[in-house]
Amino acid sequence: MYWNSELETIDRRGLERLQFDRLKKALAAAASTPFYKKVFSENGVAPSKISTLEHLKDVPFTTKNDLRVSYPDGMVAVPRRSIVRMHASSGTTGKPTVIFYTMKDVDEWAHQVARGMVATGTTSDDVFQNMMGYGLFTGGLGLHYGAEKMGCMVIPMSTGNTLKQIQFIQDFGSTVIHITPSYALHLVDEIRAHGVNPPDLGVRKAYLGAEPYSEGTRDKIEAQFGLDAYNSYGMSEMNGPGVAFECSEKSGMHLWEDYYIAEIIDPETGEALPDGEEGELVLTHINREAMPIFRYRTRDLTRFIPEPCPCGRTHRRIERIKGRTDDMMIVSGVNVFPSQIETVLMNIPEVGNNYQIVLEREDNLDRMHIKVELYSKMFQGDMRELERLKKRMGEALRAIITINPKIELLEPGSLPPSQGKAKRVFDNRSL
Ligand code: ADP
Ligand code: ZN
C-alpha cells in the first residue's frame with residue numbers, strides 16, 4: 001500500500017529529473033538569504049547556471065555551526081509573514097538551532113510522514129497515541145500532522161504520565177504508538193508493575209526514533225509488547241522525523257529522495273564514499289520554502305543499502321544509524337561507539353531494559369564501567385550464575401570493543417529511566 005504510488009515508485013531517471021528541477025529552484029531561492037548569498041559568491045555558485053545534479057558539489061557543506069552563526073534568520077528565504085511555524089533542535093550537542101516552516105512546508109512534511117506510516121501498513125482505522133515530546137522538539141508535532149493527514153485518530157499524549165498512557169491505550173484502543181526506544185523499555189516495565197500484561201493492551205505497531213538503538217533493542221521491545229516496531233529517522237534541520245522511514249520489510253529506512261539529495265562521505269576527509277560504504281550522511285533539502293539547506297552534515301553514521309527493496313519503493317534505503325560521529329568515545333586510545341556496546345548487551349537474553357556507560361580515569365588510566373539491569377528472575381537464583389553471566393558479558397564485549405570493562409549487574413529499575421532521548425554515556429574523565 002502506498003500513500004503516493006507515483007512518487008514512491010518513480011524510476012531513477014524521473015527521480016533525478018525531479019531532483020534537478022527542485023535543486024535549481026532551491027538554489028535560486030537560497031541566493032536571497034544572507035548566509036547562502038555569501039557562500040555562493042565565495043564559491044562561484046550561480047544558481048541560474050546549474051546544469052546537472054553534480055553541480056550541487058560546488059556548494060560547500062553546511063554545518064550545525066553555520067546554523068548557529070546565522071541564528072536567528074540568516075538562512076530564511078521567505079518574507080516573515082509567510083512563516084507559520086518554528087521548531088528547535090533538542091540541543092543534544094550544544095546550543096539549539098532553529099528551523100522555520102511555511103504553510104506549504106508543514107503540509108509537505110505531513111505528507112512525508114504519512115508516506116512512512118502507510119508504508120508500515122497503518123490505516124485511517126488506527127488510533128495513534130503519540131508519546132513523543134510536543135513543543136519545540138520536532139518529534140511530537142511531526143508525527144502528529146502526518147498521522148492526521150492519513151486519517152488516524154491522534155491522541156497527543158507527549159512523554160511521561162505512564163498511568164494515563166496505559167489508561168488511554170485501554171480506553172481508546174490505541175493501536176499505534178510513537179515513542180523513543182529508551183522510553184519504550186521503561187514503559188513496558190511500568191505497565192507490568194501496574195499488573196497489566198503489555199501484549200494484552202493490543203498495541204500493534206510502534207514507531208521508534210529520535211535516538212540510536214540496536215536491532216536487539218527493537219527485538220526486546222517487540223517481544224515484550226507483542227508488536228511490530230519500525231525505525232523512524234530525522235532531524236530538525238531537515239524538518240524533523242520523516243526523513244527516512246522503514247517499510248513493512250523492516251530492513252533499512254527509505255530516504256525520501258524527492259525531498260532530499262543524500263550523500264555519504266568520509267567524515268574525516270569529506271570525500272564521497274562508494275555506494276554501500278559506511279560514512280556520514282549529508283543531506284540537501286530540495287523541497288522546502290522557508291529554509292533551504294544544502295549539503296548538511298548530519299554527523300550520523302550509516303550506509304546505503306544498494307539492493308532494491310521488495311516493497312517496490314524506489315527511494316534508496318539507509319541502514320540503522322550507528323551513532324553520531326561525535327558519539328565516538330576514545331577509551332585508552334581505542335575508538336568505541338556506544339552502539340557497539342548496546343548491540344552486545346541487547347543480544348544477551350538475561351539483559352533487561354536499561355544500561356549506562358561510565359568513563360573514569362584511575363591512576364591516569366581510562367576505565368570503562370558498564371552498569372546493566374537484568375530481568376528480576378536473575379536475582380532469585382544462584383550467585384554463581386550471576387558471576388558466570390558477568391564473565392560471559394565481559395568476553396562478548398571484549399571481542400567487539402577490545403577493552404575490558406568493569407561490569408555491574410543491577411536489579412530492574414536501578415538506573416534512572418528516560419522519557420525523551422536517553423543519556424547513557426557519562427564521561428567523568430575530564431572533570
Ligand atoms: P539534536 O541534534 O539536538 O539531538 P534533533 O532532535 O533534531 O536534535 O535530533 C536529531 C538526531 O537524533 C539525528 O541527527 C540523529 O542523531 C538522532 N536520531 C533521530 N532518529 C534516529 C533514529 N531512528 N536512529 C538513530 N538516531 C536517530
Ligand atoms: Zn521497502
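Reply: Strand S19 (residues 365–374) and S20 run parallel and are joined by five bridges. Strands here are DSSP runs of E of at least two residues, and helices are runs of H or I of at least four, numbered from the N terminus; two strands pair if DSSP finds at least two bridges between them. Strands of a sheet pair through backbone hydrogen bonds, in either the parallel or the antiparallel sense.

This is a predicted model: local features need pLDDT of at least 70, side-chain atom pairs count only at pLDDT 80 or more, and totals for chains, interfaces and linings use all residues. Residues are numbered from 1 along each chain as its sequence is written, chains are lettered from A and ligands numbered from 1 in the order in which they are written, and side-chain values use heavy atoms, with hydrogens and water left out.

An antiparallel pair is found elsewhere: strand S1 (residues 83–88) pairs with S2 over five bridges, and Arg85 stands opposite Tyr101 in S2. Strand S2 (residues 98–102) is mostly covered, with five of its five residues buried (under 20% relative accessible area; exposed is over 50% and partly exposed in between, with a 1.4 Å probe and protein chains only). Val98, Phe100 and Thr102 lie on one side of S2 and Ile99 and Tyr101 on the other, and both faces are covered.

The zinc ion (ligand 2) is held at 2.1 to 2.3 Å by Cys247 (SG), His254 (NE2), Cys309 (SG) and Cys311 (SG). Donors are N, O and S atoms within 2.8 Å of the metal (3.2 Å for Na, K and Ca); water is not among the atoms, so sites may look incomplete. The spacing of the donor residues in sequence is C-x6-H-x54-C-x1-C. The four donor atoms make angles of 103 to 117°, and the site is tetrahedral, a label that requires four donors with all angles between 85 and 135 degrees. Cys247 and His254 are both buried.

Some backbone details lie in loops. Tyr71 and Pro72 are joined by a cis peptide bond with omega of about 0°, and Pro72 is in the loop between helix H4 (64–69) and S1. Ala210, not a glycine, has a positive phi of about 85°; this residue is in the loop between strand S6 (205–209) and helix H9 (215–225) and is partly exposed, with a relative accessible area of 29%. Ser332 also has a positive phi, of about 50°, in the loop between strand S16 (329–331) and strand S17 (334–336).

The protein as a whole has eleven helices and 21 strands. Buried residues account for 54% of its 431 residues.

Definitions and conventions
Four donors count as tetrahedral if all angles lie between 85 and 135 degrees; four count as square planar and six as octahedral if opposite donors are over 155 degrees apart and all others between 65 and 115; anything else is irregular.
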